[in-house]
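Dear colleague,

Please read them beside the model itself.

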Amino acid sequence: NYSIDGLSALPPEDASALGEVLAPARSFYLDVAPDPAHWDVFSGKVLRMWRTSPNYSALDLARIEAPVLVMAGENDSIKRLHTEEMAQAIPDATLDIVPGASHFLPLEMPGRANASILTFLGR
């Protein structure tokens, strides 16, 4: 999302209220973090970020000159229309909405996500 109005719903005040919604991210974090006990601090920072940023406009996006792949899950926590508007605002962006995936697409379907990225990169 390029602005907080792209979220389907504002996140709650603390990660425990998200429960199963954050389960894929929590599981991944616990597997790869140098200090897995830091999850509560990390998730609190992520929730604060979700409530306050990003704050870009379509005009900001129109100034992007690099190739961009906008990828989202069909069942993403970012509104579909917002994702489509982002791709339209970025000159020559490529949009890929992945059927059956959520916001955790790279964790749920790493093969599909990687294939899309490699195609975008021309490999």
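At a relative accessibility of 33%, Arg112 counts as partly exposed, where buried stands for under 20% relative accessible area, exposed for over 50% and partly exposed for what lies in between (1.4 Å probe, protein chains only). Please bear in mind that this is a predicted model, in which local features need pLDDT of at least 70 and side-chain atom pairs count only at pLDDT 80 or more, while totals for chains, interfaces and linings use all residues. Residues are numbered from 1 along each chain as its sequence is written, and side-chain values use heavy atoms, with hydrogens and water left out.

Arg112 forms a salt bridge with Asp96, with 2.9 Å between the closest N and O atoms; the term requires a side-chain nitrogen of Lys or Arg within 4 Å of a carboxyl oxygen of Asp or Glu. This pair links distant parts of the chain, since Asp96 belongs to strand E2 (residues 94–98) and Arg112 to helix H6 (residues 110–120), 16 residues apart; helices (H or I, at least four residues) and strands (E, at least two) are DSSP runs numbered from the N terminus. Leaving aside neighbours within four places in sequence, the contacts of Asp96 (heavy atoms within 4.5 Å) are Leu69, Val70, Met71, Ala72, Arg112 and Ser116. The C-alpha atoms of Asp96 and Leu69 are 7.4 Å apart, although 27 residues separate the two along the chain.

By the same rule the count comes to three salt bridges. One of them joins Arg80 and Glu84, with 2.9 Å between the closest N and O atoms, and both residues lie in helix H4 (residues 80–89), four residues apart, or about one turn of the helix. Arg80 is partly exposed at 43%, and Glu84 is partly exposed at 25%. In another, the side chains of Asp60 and Arg63 meet at 2.5 Å, N to O; here Asp60 is partly exposed at 26%, whereas Arg63 is exposed at 56%.
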